[in-house]
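Please find below a colleague's note on the structure, arranged as numbered points. The sequence and the model are shown first.

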Amino acid sequence: MADPLLTIRNLKIEATAYPPGEPPQDITIVEGVSFALDKGRVMGLIGESGAGKSTIGLSAMAYGRGGVRITGGTVTVNGRDILKLGTREMRKLRGAEVTYVAQSAAAAFNPAKRIMEQVIEATLEHDRASKSEAEARARRLFATLGLPDPDNFGNRYPHQVSGGQLQRAMTALALCPHPDLVIFDEPTTALDVTTQIDVLAAIKDAIRETGVAALYITHDLAVVAQVSDEIMVLKGGQMVEHGSTDHIINTPREEYTRALVSVRSIEHTEKAPSDDPVLRVEHITARYRGTNFDVLHDVNVEVHTGQTLAVVGESGSGKSTLARVITGLLPPSEGQITFADRSLSTALAGRSPEDLREVQMIYQMADVAMNPRQTVGTIIGRPLEFYFGLKGKAKRDRIAELLDAIEMGNGFIDRYPAELSGGQKQRVCIARALAAKPRLIICDEVTSALDPLVADGILKLLLALQKREDVAYLFITHDLATVRAIADSIAVMYQGKVVRYGPKSEVLAPPFDDYTDLLLSSVPEMRLGWLEEVIAHRKMESAGH
Amino acid sequence: MHPILILVSQRIALGLLLLFAASVLIFAGTMILPGDVAQSILGQSATPEALANLRAELGLNEPPVTRYFNWLFGAMQGDLGVALTNGQDIADALGRRLGNTLFLAFWAAVIAVPLAIFLGLLAVRYRNRWPDKLISGVTLASISIPEFLIGYLLVYFVAVKLGWFSSVAMINDSMSLGDKLSAIALPVAVLVLVVLAHMMRMTRAAILNVMQSAYIETAELKGLSGFNVIFRHAFPNAISPIVNVVMLNLAYLVVGVVVVEVVFVYPGMGQFLVDHVSKRDVPVVQACGLVFAAVYIGLNMVADIVAILSNPRLRHPK
């Protein structure tokens, strides 16, 4: 048999960390990883953030992001050790033999240049084809990837096309030079499920047609199961398990892999709605200032005491705008909001401190929702002072109680956000919201930025707190698995309207409306061949209509 | 209408409004200057009748608002009045001086702007290595030394010791372009040194800011050379802040070169203004003020418009 295309032996990657208040120190990000990839094969690299997936992927281009350095082992591409290449040789490798598809195509495309120019740039730079030949190639790729009007698509600027289209264009960019290996770095993570499935299918088709080998990096096992031939599971920079996709999904050997496969183990039975909702939103229509279309259109929903309403929909459907209206940040043009027994002013200025206290919010990015220069104690203590006037020991005791409630303990009181993990940061945000003793907490995509296992922990915590404090959640998410795990009732939003609303058991049971059907059938399932089934099913349906 | 046309016309309208406001300020400012023009023309021994006659002749007895609008409408038609001190037509004298100043500014800009941007790109390419540090150090030093000192140093070494160029930058219409360029070589050199640092440092900072973007990584992973990454991918996204600082410096080249003109005895606007301020020749001072304001506002307006045009989101709306 011929030599493998890519061989990685005993890879060691280090970086320099700058912990606050301490001298810089070298840390090991990846250690002892070895594998080989043959021509035309697709290998999935899977693990949580910090597992070293992207770092390993980029090592196949001898590239280290930021201060990351490859300090040991060998990386062989097409028979030569690429870690020993000079600058000139290295440039010939990058963008020609090995190419890269970034997670956020929206950020990875240069906003100042037309798409075509960027797609064929590497091909021209490395003399892989003439300009007209490269453009023809790009147009064929646009067609393969299902982009609209492939002949003229390249004339547009990145901001003129949607995120899903841009992600496909990024794939075209990577395939255009006819590389031997493409590194897909979470290419669908930033997309809506309904978009993800199309992009996934397009990528899979393109890989099959060009016969290129690929490293497919993701944290979503269900996604990687659809495209890869084999899977490597990583944790903390080390290999946990490596095997065929079938083996990893169906008969995982390691404990950690099993945990990944069986994630979302939460069982939650829905509660019957009570007669007196804590929040009633009626006929809300809203638009942003200076625009002339309604982002929300006649929205009616209720949240019941101690229960969870999940608001689900893709980006741009108006979920977060609804949260802004409820909190008073965006006064609606029509409609009213009733909280418990009283009518809430739609404008923030018209709300009493009590109104403000009773509705709290938790955000998607815990990172930016906290002041990096305040300690955990200060962050949680602030609402205690503000709403209850707590000081001294009373405040400290309550902070300790809250830290216990979020299962972190008093040891964290003097830590800064930078010293916490992603999950811990989100827990602190939860504690801060709880500190106000609210009756309603609006959770805006609170688990979207977290790894599955960590997100699971957060959801469990939220459910436990709900039981104890009898607090209601308005839970905004695009993730249907999360919805299944925690919701009592569900509102499906599409283009600013609530298209389906009711108790979870009814909303998630057929017959479905078209949009909910599309949404539900687009959620990747952790089994082989799911993608083909869905695509085939959809083709049949559209042929039938 | 294309949104860009709307934005650009808004900028232009704003610029004109600002220029109008500046003209009010200039006029009001020269009004409240102490002293009496008639008195200063006729001297201490003038009789009260002569003073009254002169005031009436100069229109100084009209109410200020009338005088302002007379002046403004005149200025809009290119009639800036006559100088009180020598009775010359101001537009004529000013035009020649402005031409000289623009000539000097033009050649300084032609050298300084591309050089500054090139050095900025170079500094980014070799950031935190010796070329970057050398460029930063030299330009910082050149901006920190007072410009008259640089001027005199150049005069001493280049003109007096080496004798390459003349120390006095006198030019007139009968000179050939080559002679003129040779005459202004030293003041141009001083001006280049003065404005280089600002523009170069802004170019460096603006590009470094863009270098953090994900699309720079994309470009690097395409195997482009370091300089191509910077020039093709970073620079187009850093144009707006760069143009802003370039325009500020161009404005400085026109309105702020008094010291350099004095050092090299160059017959430009700055000297002209200073002369007439000391003679209390109010109409000339007003005219100079108005021209300076127009240059400043005009160049900044250009910077704004370039910033708008360089934004693909505005140039190519969805």
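This is a predicted model: local features need pLDDT of at least 70, side-chain atom pairs count only at pLDDT 80 or more; totals for chains, interfaces and linings use all residues.

1. Chain B contains 15 helices and 0 strands. Along the principal axes, its C-alpha atoms fill a box of roughly 85 × 60 × 35 Å.

2. Of the 318 residues in chain B, 35% are buried. Among the contacts in chain B with a separation of 6 or more, 72% are between residues 24 or more positions apart.

3. Helix α11 of chain B covers residues 239-255. The buried residues of α11(B) are B:I242, B:V243, B:V245, B:V246, B:M247, B:N249, B:L250, B:L253, B:V254 and B:V255. The cover over these buried residues includes α5 (90-125), α8 and α14 (282-309) of chain B.

4. The largest nonpolar core has 168 residues. The residues with the most contacts inside this core come from both chains: A:A172, A:L181 and A:A214, together with B:L191, B:M199 and B:C288. Helix α8 of chain B (residues 177-210) gives the largest share of the core, 18 residues. A second, separate core has 72 residues, including A:V295, A:F412, A:M493 and A:V507.

5. Which residues does A:A172 touch, leaving aside its neighbours within four places in sequence? A:A172 is in contact with A:V119, A:A138, A:L141, A:F142 and A:L145.

6. The contact between the chains involves 24 residues of chain A and 16 residues of chain B. On the chain A side, the elements that give two or more residues are α2 (87-93), α3 (105-108) and α4 (115-125). By class, this side of chain A has 13 nonpolar, 6 polar and 5 charged residues.

7. A:T55 lies in helix α1 of chain A, residues 53-59. Is A:T55 buried or exposed? It is buried, because 24 other C-beta atoms lie within 10 Å, and the cut-off for a buried residue is 20 or more. Apart from its neighbours within four places in sequence, A:T55 is in contact with A:I13, A:I29, A:V30 and A:V68. A:V498 is 443 residues away from A:T55 along the chain, and their C-alpha atoms are separated by 42 Å.

8. Strand β11 of chain A (residues 277-286) runs antiparallel to strand β14 of chain A (residues 334-339), and 5 bridges join the two. A:R280 stands opposite A:T338 in β14(A). On β15(A), A:T338 has A:S343 as its bridge partner. Strand β15 of chain A (residues 342-344) is joined to β14(A) by 3 bridges, again in an antiparallel arrangement. β14(A) and β15(A) form a hairpin with 2 residues between them, and A:A340 in the turn has a positive phi of about 50°.

9. Chain A also has an open sheet of 6 strands in the order β16-β17-β18-β13-β19-β20, with mixed pairing. Strands of a sheet pair through backbone hydrogen bonds, in either a parallel or an antiparallel manner. β16 (359-362) and β20 (497-503) of chain A stand at the edges; each has a single partner strand, so one side of each is left without a neighbour in the sheet. Neighbouring strands of this sheet are turned by 15° against each other on average, direction ignored.

10. Within this sheet, strand β17 of chain A (residues 440-444) and strand β18 of chain A (residues 472-477) run parallel and are joined by 5 bridges. The bridge partner of A:D444 in β18(A) is A:I476.

11. Helix α12 of chain A (residues 319-327) lies across β13 (308-312), β16, β17, β18 and β19 (489-494) of chain A, and runs at about 150° to β17(A). Why may α12(A) be described as largely enclosed by the rest of the structure? The reason is that 8 of its 9 residues are buried. These are A:K319, A:S320, A:T321, A:L322, A:A323, A:R324, A:V325 and A:I326. A:G328 follows α12(A) and has a positive phi, near 95°.

Technical notes
Residues are numbered from 1 along each chain as its sequence is written. Chains are lettered from A and ligands numbered from 1 in the order in which they are written. Helices (H or I, at least four residues) and strands (E, at least two) are DSSP runs, numbered from the N terminus. A residue is buried if 20 or more other C-beta atoms lie within 10 Å of its own, exposed if 12 or fewer, and partly exposed in between; C-beta atoms are placed from the backbone. Two residues are in contact if their C-beta atoms, placed from the backbone, lie within 7 Å. A nonpolar core is a set of buried Ala, Val, Leu, Ile, Met, Phe, Trp, Tyr and Cys residues joined through C-beta atoms within 7 Å. Two strands pair if DSSP finds at least two bridges between them. Ala, Val, Leu, Ile, Met, Phe, Trp, Tyr, Cys and Pro count as nonpolar, Asp, Glu, Lys and Arg as charged, and the others, Gly among them, as polar. The expected span of a helix is 1.5 Å times one less than its number of residues. Axes are lines fitted to C-alpha atoms, for helices over the stretch in contact, and angles run from 0 to 180 degrees between N-to-C directions.
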